[in-house]
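Here's a quick briefing for anyone meeting this structure for the first time. Have a look at it, then read on.

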Amino acid sequence: MGLEPLQWFSTEEGLPSQPTVLQIRHGTKAFVSTANRVLLVKEQHTDGSPFWTLPGGGVKANESLAECLTRELFEELRCQAVIDKPVTTVWYAHSSKQKTFSVYTVFECSLLSIPESNEREGILEYQWLSPTSLPPTTLPQIRQIVESRSR
C-alpha cells in the first residue's frame with residue numbers, strides 16, 4: 001500500500017486552481033479495551049509536544065493490514081495480539097509532513113501478553129484509561145472513536 005497520490009483541487013474566486021497532490025499513507029490502529037478501560041499510547045509530535053493515540057502505524061509495501069498491525073504492536077509494545085474485525089477508519093493530517101494524510105483502519109484486538117513501551121519506536125508510555133477521562137492531549141479523532149465505542 002504505502003503512499004498513494006491524490007489530486008486535490010481548490011478554488012479561489014470561483015476559478016479552479018492548479019491541482020495539489022496529496023500523499024495518502026495507509027496504516028492500522030488497535031482498539032484494545034476491557035469492560036471499563038482502553039489502551040492508549042503516548043507519543044510526540046515533531047515539535048516535542050506529547051499526544052495520546054491508539055497503538056499502530058503505517059503499512060509497509062506488500063504487507064496486509066493485519067500483518068501491519070501485528071508488526072506494529074510488537075514493535076511499539078513488545079506484545080502479541082489477536083487481530084479481530086475492523087471497526088472504523090480514521091484520517092489524520094500530518095503537520096510535520098505537508099500534504100500528507102494517513103488513513104488508519106482500526107481493528108478490535110485482544111492482547112496475548114503484557115505490553116512494554118518501546119521508546120525506540122516513539123512510544124513514551126502506555127496506559128489503560130477510562131473512556132470518560134482521557135488525557136486532554138488525546139488526538140480528537142481517537143477521542144471520538146474511544147467515546148463512541150465505549151457507549
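A salt bridge here is a side-chain nitrogen of Lys or Arg within 4 Å of a carboxyl oxygen of Asp or Glu. What you're looking at is a predicted model, where local features need pLDDT of at least 70, side-chain atom pairs count only at pLDDT 80 or more, and totals for chains, interfaces and linings use all residues. Residues are numbered from 1 along each chain as its sequence is written, and side-chain values use heavy atoms, with hydrogens and water left out.

- pLDDT is the predictor's confidence in each residue, from 0 to 100; the protein averages 87, and 83% of the residues score at least 70.
- Residues 6-11 stay under 50, and the model has 17 contacts for them beyond four places in sequence (contact means heavy atoms within 4.5 Å).
- Where pLDDT is low, the predicted coordinates should not be read in detail.

**The sheet**

- Helices (H or I, at least four residues) and strands (E, at least two) are DSSP runs, numbered from the N terminus, and two strands pair if DSSP finds at least two bridges between them.
- An open sheet is made of 3 strands in the order S6-S5-S10, with antiparallel pairing.
- Strand S6 (50-53) and strand S10 (125-129) are the edges: each has a single partner strand, so one side of each has no neighbour in the sheet.
- On average, neighbouring strands of this sheet are turned by 30 degrees against each other, direction ignored (axes are lines fitted to C-alpha atoms, for helices over the stretch in contact, and angles run from 0 to 180 degrees between N-to-C directions).
- Strand S5 (residues 38-44) is joined to S10 by 5 bridges, and Leu 39 stands opposite Trp 128 in S10.

**Salt bridges**

- Which residue does Lys 42 form a salt bridge with? The partner is Glu 125, with the closest N and O atoms 3.6 Å apart.
- Lys 42 lies in strand S5 and Glu 125 in strand S10, so this pair ties together parts that are 83 residues apart in sequence.
- Glu 125 counts as partly exposed, at 26% relative accessibility (buried means under 20% relative accessible area, exposed over 50%, partly exposed in between, using a 1.4 Å probe and protein chains only).
- Glu 75 and Arg 71 meet in a salt bridge at 3.1 Å, N to O; both lie in helix H1 (residues 65-77), 4 residues apart, about one turn of the helix.
- Helix H2 (residues 140-149) holds Glu 147 and Arg 143, which are 4 residues apart, or about one helical turn, and their side chains meet in a salt bridge of 3.9 Å, N to O.
- Glu 147 is partly exposed at 33%, and Arg 143 is partly exposed at 23%.

**The nonpolar cores**

- A nonpolar core is a set of buried Ala, Val, Leu, Ile, Met, Phe, Trp, Tyr and Cys residues joined through side-chain atoms within 4.5 Å.
- The largest core has 16 residues, and those touching the most other members are Phe 31, Val 38, Leu 40, Leu 54, Ile 142 and Val 146.
- At least two residues of this core come from each of S5, S6, strand S8 (81-93), strand S9 (100-111) and H2, with H2 giving the most, 3 residues.
- Leaving aside neighbours within four places in sequence, Val 38 is in contact with residues including Phe 31, Leu 54, Trp 128, Leu 134 and Val 146.
- A second, separate core has 12 residues, among them Val 32, Leu 39, Leu 69 and Ile 123.

**Loops worth a look**

- Most residues other than glycine have a negative phi, and most peptide bonds are trans.
- Asn 62, in the loop between strand S7 (56-58) and H1, has a positive phi near 60 degrees and is exposed at 79% relative accessibility.
- Arg 78 sits in the loop between H1 and S8, has a positive phi of about 50 degrees, and is partly exposed at 36% relative accessibility.
- Pro 135 is in the loop between S10 and H2 and is buried, at 16% relative accessibility.
- Not counting residues up to four places away in sequence, Pro 135 touches Trp 52, Leu 129 and Arg 143.
- The C-alpha atoms of Pro 135 and Trp 52 are 7.3 Å apart, while the two residues are 83 residues apart along the chain.
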